[in-house]
Amino acid sequence: MFLVANWKMNMTRSLIDGYLDVLAGRPMSGLLERKRLSVALAAPHIYLDYVNREVHRRKLPVQIVAQDVSTRTSGAFTGEVGVPNLLDIGIKGSLIGHSERRRFFRETDEDVVAKTGLCLNGGVVPIICFGESRPDRENGVTLETLRSQLEPVCEEIVRAREEGIYTPFYLAYEPVWAIGSGVNAGLSDIQEVVTFVCEAFPWPDPPNCLYGGSVGLENIRELASSEFLSGFLVGSSWLDPNGLLNSAELLPQTERTAQEGVRFK
Ligand code: PGA
């Protein structure tokens with residue numbers, strides 16, 4: 001399974017040092033090997049280089065990914081960070097289309113497609129977030145919303161494959177109403193969505209789907225018992241490194257190896 005801790009707009013260098021010290025203080029490699037887990041930390045842009053260096057220095061078995069990337073490659077786009085910038089500092093993965101980007105920064109489905117394409121072309125693994133809002137669910141239009149988010153993303157991935165680009169990708173189902181709310185989606189809802197997503201579009205390879213939205217120690221084991229999830233994208237409860245490691249301890253041993261093929265570096 002693939003575990004991604006989304007730090008969002010949190011952390012300072014000293015908090016990062018403390019976080020990595022906790023990871024280094026526990027026998028992490030053995031745990032990840034035993035449970036067949038990969039771990040990534042999604043850090044704010046300004047800390048990506050720092051965390052990446054510190055992780056290497058401490059020989060920690062974790063990967064560092066960005067939380068977003070520009071729809072542009074380079075040029076006069078003040079404040080933006082492009083795929084070439086990520087690659088320049090050794091970052092090989094990025095969240096794309098997180099609901100907070102869609103909601104607070106008006107990111108559109110078209111932006112998500114453009115970012116996905118640039119990541120694939122550049123060899124940066126996109127972790128593409130999607131999910132319905134509470135009104136979508138209440139109005140019974142969840143699957144329509146997911147279709148409009150993911151159909152063009154799938155077309156972009158197919159286009160890349162046709163051009164001989166084989167950058168792996170992840171999908172992350174994050175129902176907006178479950179993020180930071182303390183209420184996670186139920187297993188049957190998640191299964192319905194993941195099954196729909198896998199079957200509704202002509203993915204060139206079977207998608208590895210993560211779940212995010214109020215995952216924590218109290219529910220991760222049950223969620224992980226499902227056959228259809230490849231991992232988790234977690235905010236609040238993995239801002240504490242012990243939350244991340246204790247969650248990993250709770251995960252069942254798995255024989256599933258598909259996700260292990262994805263290595264960012
Ligand atoms: P949460 O956030 O775990 O705090 O609900 C998940 C996310 O936004 O990626």
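1. Strand 3 (residues 62-66) is mostly covered, with five of its five residues buried. Buried means under 20% relative accessible area (1.4 Å probe, protein chains only). Strands are DSSP E runs of at least two residues and helices H or I runs of at least four, numbered from the N terminus.

2. The model is predicted: local features need pLDDT of at least 70, side-chain atom pairs count only at pLDDT 80 or more, and totals for chains, interfaces and linings use all residues. Residues are numbered from 1 along each chain as its sequence is written, and side-chain values use heavy atoms, without hydrogens or water.

3. In a regular strand, side chains alternate between the two faces of the sheet. Here Val62, Ile64 and Ala66 point one way from strand 3. Gln63 and Val65 point the other way. All are buried.

4. Strand 2 (residues 38-43) pairs with strand 3 in the parallel sense, over five bridges. Pairing requires at least two DSSP bridges. Val39 stands opposite Val62 in strand 3.

5. Ligand oxygen atoms lie 2.8 Å from an N or O atom in the side chain of Glu174, from a backbone N or O atom of Ser214 and from one of Gly235. Taken alone, the ligand exposes 280 Å², and the protein buries 98% of that (Shrake-Rupley method, 1.4 Å probe).

Conventions
Buried < 20%, exposed > 50% of the residue type's maximum accessible area, 1.4 Å probe, protein only. Polar contact = N/O pair within 3.5 Å; in protein donor to acceptor, adjacent residues only side chain to side chain.
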